[in-house]
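Hi there,

Here is the structure I promised to pass on. Have a look at it first, and my notes follow below.

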Amino acid sequence: MPVYSDKVMDHFMKPRNVGEIADADGVGEVGNPVCGDMMTFYIKVRDGKLEDVKFKTFGCGAAIAVSSMVSEMAIGKTLDEAAKITNQSVAQELGGLPKNKMHCSNLGASALHKAIKDYADKKGIKIEGLQVEEEEEHEDGEKTC
Amino acid sequence: MTGRVYLDYAATTPVLPEVLQAMLPYFSEVYGNPLLIHEWGDRVRQAIEEARAKTATLIGAARPEEIIFTSSGTESNNMAVKGIALGRQDKGKHIIVSDIEHFSVLHSARTLQKAGFEVTTVPVDKNGVVSPDDVARSLRKDTVLVSVMHANGEVGTVQPIKEIAGKVKEAGAIFHTDAVASVGILPVNVAELGVDALSMAANQFYGPKGAGALWVRRGVRLLPLMDGGVQEDGRRPGTENVPAIVGMGKAAEIARKEMAERAAKFTTLRDRLIQGVLSKVPYTILTGHPTQRLPNHASFCIEFIEGEAMLMLLSSQGVAVSSGSACTSRALKASHVLIAMGLSHEIAQGSLMCTVGLGTSEADIDYVVETLPPIITRLREMSPLWAKHLKQGKGE
C-alpha cells in the first residue's frame with residue numbers, strides 16, 4: 001500500500017512553482033535540519049493579491065508536495081484570503097497526509113504566512129487574521145522536532 | 001519504469017528456490033510435533049537437528065546444541081542481552097553496549113536499566129568503529145555482559161570483534177555480538193572471534209523471515225525470555241517453526257559453500273557502485289569504514305538533499321534502496337548510527353544505503369549510477385540549502 005495519496009505523489013513528482021523570486025516582496029522561512037524539513041517561500045504582491053508564489057524546499061516527499069500545493073492554492077488570492085490557508089486545509093486538499101508527517105512536513109502554510117508578514121511589516125500594513133505560527137506550537141506530546 | 005533494481009538486501013534477502021524446496025515438505029507432509037516419541041515426531045526432530053548442525057557449522061560452532069532457534073535477529077538479541085544479564089545478575093548489574101547497536105540491543109539495555117542495571121555505552125569514531133580500548137576502560141568488576149555488533153547494517157562497518165572480545169574475556173565478563181548483518185556474508189567463526197554468544201537471522205542470507213538463532217557457548221547461564229515447555233532445552237519454549245528452521249539450515253549450508261564466491265561477486269559490485277556514486281555525485285561522502293566493511297554494503301550521505309524524497313524518485317525509476325534520514329523513519333528521527341559517527345543532522349538527512357546481493361548484476365549498478373545523479377540535481381535545485389551553499393560559494 002503506498003504511503004502517500006495520488007495527489008501528494010502528483011505534486012511531489014511534478015512540483016508547481018519551484019524556484020526563487022529575485023525581487024520578492026516578501027520571504028518566509030520555516031523548519032530546521034534536525035526536523036528534516038526546511039521551506040522558503042517567496043511572494044510577489046500586486047494590487048493586494050499574490051501575483052506570484054515560489055518556493056524552495058529541503059525535505060521529504062510530503063514536504064515537497066505540501067509546498068507545491070500551498071503555492072498553487074495561494075496564487076491569485078488576496079492577502080486576507082491567503083492568510084486563511086491553514087496547514088490543515090493544505091493537507092485536506094492533498095487528500096490527507098500520513099499521521100507522522102502532519103507536524104514536521106506540513107509547514108507550507110506557515111512559510112507562506114511568514115512571507116506575507118514579511119511583506120506587511122515592510123509596508124507597515126496589517127493583514128486581517130494573519131497568524132505567524134511558531135514552529136514549536138504544534139499541539140503534540142511526542143514531539144520529535 | 002525502465003528498470004527493476006533491488007539494492008536493499010540488508011533489509012531482507014529473497015528465499016533461494018532450493019531453500020524453499022527444502023521447506024515445503026514441512027508444512028503438510030512432514031508435520032509432526034518434534035517433541036513426540038513417534039514416527040511423526042522423529043522425522044521432524046531429525047530435520048531440526050540437521051538444521052541445527054548446519055547452522056552451527058556456518059559459524060564454526062563445535063557443538064550444535066549451543067544453537068537456539070528463535071524467530072528473528074531481534075529475538076536473538078533480546079534473548080542474549082536480557083537473558084545473559086539477568087542470568088548473571090548475582091555477579092553484578094553493569095552492562096556495556098556500543099552507541100551503534102541495533103535497537104533490539106539498545107532497547108533491551110534500556111529495559112535492563114529500568115530494572116536496576118547500569119548501562120555504559122561506548123562511542124564509535126567517524127568510521128563507525130568501536131575502540132577495544134574504550135571497551136576496556138568501561139569494564140568494571142561488576143560488568144556481567146558486553147554486547148558489540150559484528151557488522152553494522154546501516155554503514156557496513158565491521159568491528160574488531162576479536163580484540164574487543166579479548167579485553168572482555170580478561171575482565172571475566174561475557175561477550176555477545178550481534179552478527180545479523182554479517183553471518184552468511186562474511187566468514188564468521190565463533191572460536192576465532194572469541195565470543196560467548198552470537199545472534200543471526202536467516203533472512204539476511206537467503207533463508208526465510210521468521211527464523212533466527214542465538215549461539216551461546218556451553219556454560220553461559222541464560223534466563224529464558226518466555227516460560228513454557230522443554231523445546232530448545234527449555235531456553236526457547238513453544239512449538240518450533242519447523243519449516244523456517246529447516247529453511248535456515250539449508251540457507252546456512254549453501255551460504256557456507258558459496259561464501260568465497262559470493263563475497264568476491266559482492267565486493268566487485270559494491271566497489272563499482274561506490275566508485276560510480278562518488279565520482280558522479282559531487283558533495284557525497286561514503287559512510288562507514290572505507291575498507292573494513294561488509295562486502296555487499298555501500299552507504300553514503302549526499303549533501304543538501306533529503307533521503308526520503310531521493311528514495312521516492314529512485315523508486316519511480318524502479319530502484320529500491322534505503323535511507324537513515326529522519327523523514328524516512330517512522331519515528332522521524334535521524335539514524336542514531338550516523339549521529340553517533342559525528343555527522344550533523346543536516347548531513348544525515350541525505351543518507352543513502354545500498355546493499356547488493358545474488359540477484360545484482362553490473363548492469364544494475366550502472367543503471368543506478370546513471371539514474372541517481374539527475375535525481376540529486378533535481379532535488380538540489382529545489383533545496384534552499386543548496387541555494388545557500390551556491391550563494392556562499394560565490395561570495396567567497
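**Where the chains meet**

In this predicted model, 20 residues of chain B are in contact with 21 residues of chain A; contact here means that the C-beta atoms of two residues, placed from the backbone, lie within 7 Å. On the side of chain B that touches chain A, helix H10 (307-316), helix H12 (345-348) and helix H14 (384-395) of chain B each give two or more residues. H10(B) provides the largest share, four residues. By type, that side of chain B divides into ten nonpolar, five polar and five charged residues. Nonpolar covers Ala, Val, Leu, Ile, Met, Phe, Trp, Tyr, Cys and Pro, charged covers Asp, Glu, Lys and Arg, and the others, Gly among them, count as polar.

Helices (H or I, at least four residues) and strands (E, at least two) are DSSP runs, numbered from the N terminus.

**A sheet in chain A**

Chain A has an open, antiparallel sheet of three strands in the order E1-E2-E3; strands pair if DSSP finds at least two bridges between them. Strand E1 (26-31) and strand E3 (49-58) of chain A are the edge strands, each pairing on one side only. Strand E2 (residues 38-46) of chain A pairs with E3(A) over nine bridges, and A:Arg46 has A:Lys49 in E3(A) as its bridge partner.

Residues are numbered from 1 along each chain as its sequence is written, while chains are lettered from A and ligands numbered from 1 in the order in which they are written. As the model is predicted, local features need pLDDT of at least 70 and side-chain atom pairs count only at pLDDT 80 or more, while totals for chains, interfaces and linings use all residues.

Best wishes
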